[in-house]
2 protein chains.
Amino acid sequence: MQVDHIGIAVEDIQVMLDFYKTIGLEVKHQEEVPSQGVKVAMLPLGHTKLELLEPLSEESPIYKFIQKKGTGIHHVALEVDDIEKSLATLKDKGFKLINETPVQGAGGAKIAFIHPKSAGGVLYELCQHS
Amino acid sequence: MQVDHIGIAVEDIQVMLDFYKTIGLEVKHQEEVPSQGVKVAMLPLGHTKLELLEPLSEESPIYKFIQKKGTGIHHVALEVDDIEKSLATLKDKGFKLINETPVQGAGGAKIAFIHPKSAGGVLYELCQHS
């Protein structure tokens, strides 16, 4: 298993790039993911990536997250080989899932979130690239 | 630059290991870092690690973090080659630092935190291993 990316809620991707450029990071990929209500910028960082998440509207889960908790780390995404199998194992052991079946994420990946109540307050995303 | 680890505030390391074992992770190293007020468990994950942080006392910054924000992701640590140089670059550009000079962290690393106000709400640690 690998950390695929660390998702970070930001108000404005462009504004944050000054800081990230100073620590030596650059945007390599940008896209809108309307199904998740976000604009996404990926900044490669060693073997993983930072994923800056800017809300597309006030309906966006990221907008609501920022309103409630402020900007900052939103989730950690773990890359798995077989997302259906991982979800089944977690469900069998009684862990709570936000997505019991995968949904489509950035870059066409299959993704699913584990409920933070089952993960000590951390929002983990499982993802499987096509 | 690499993500050295993701620091996660927990109330009790032992209690959280059930979840982490289910997703396939194991503790490879455990130590107390009294200077940071924490017990630390490192769980290797691909090229990086999860660092579970349990407060040693009510004086611990991690205890205060949990009281204020609940358990969950506390910081992201970035491994740098020359921590003094990185800190000087950030300071030159006007970014606010929590530690203007490095302090000692887990495993004898030199560490310093960037102020979340300068990093969009994220608490970044810079670390340089000896």
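Predicted model: local features only at pLDDT ≥ 70, side-chain atom pairs only at ≥ 80, totals over all residues.
Helices (H or I, at least four residues) and strands (E, at least two) are DSSP runs, numbered from the N terminus.

Residues are numbered from 1 along each chain as its sequence is written, chains are lettered from A and ligands numbered from 1 in the order in which they are written, and side-chain values use heavy atoms, with hydrogens and water left out.

Stay with helix 3 of chain A, residues 83-92. Its residues A:Ile83, A:Leu87 and A:Leu90 are buried. Buried means under 20% relative accessible area, exposed over 50%, and partly exposed in between (1.4 Å probe, protein chains only). An α-helix has 3.6 residues a turn, so residues three or four places apart point the same way. On the other side of helix 3 of chain A, A:Lys85 and A:Asp92 are exposed. The cover over the buried residues includes strand 7 (110-113) and strand 8 (124-128) of chain A, together with helix 1 (13-22) of chain B.

Now look at helix 3 of chain B, residues 83-92, which holds B:Lys91. This lysine is partly exposed, at 48% relative accessibility. Beyond its neighbours within four places in sequence, B:Lys91 is in contact with B:Leu97 and B:Glu100. Contact means heavy atoms within 4.5 Å.

Next comes the sheet. In chain B, 8 strands form an open sheet with mixed pairing, in the order 2-3-4-1-5-8-7-6. Two strands pair if DSSP finds at least two bridges between them. Strand 2 (29-33) and strand 6 (103-104) of chain B stand at the edges; each has a single partner strand, so one side of each is left without a neighbour in the sheet. Strands 7 and 8 of chain B pair in the antiparallel sense over 4 bridges. There, B:Phe113 stands opposite B:Glu125 of strand 8.

A:Val33 stands opposite A:Val38. The hairpin has 4 residues between its strands, and A:Gly37 in the turn has a positive phi of about 70°.

How do the two chains relate? A rotation of 180° with 0.0 Å of shift along its axis superposes chain A on chain B, with RMSD 0.0 Å. That is the relation of a two-fold axis. The superposition is by least squares on the C-alpha atoms of residues with pLDDT of at least 70 in both copies. The same surface serves both copies: 100% of the contact residues of chain A recur in chain B.

Finally, the core. The largest nonpolar core has 62 residues, and A:Tyr20, A:Tyr124, B:Tyr20 and B:Tyr124 have the most contacts inside it. A nonpolar core is a set of buried Ala, Val, Leu, Ile, Met, Phe, Trp, Tyr and Cys residues joined through side-chain atoms within 4.5 Å. Beyond its neighbours within four places in sequence, B:Tyr124 has contacts that include A:Phe19, A:Tyr20, B:Val76 and B:Leu78.
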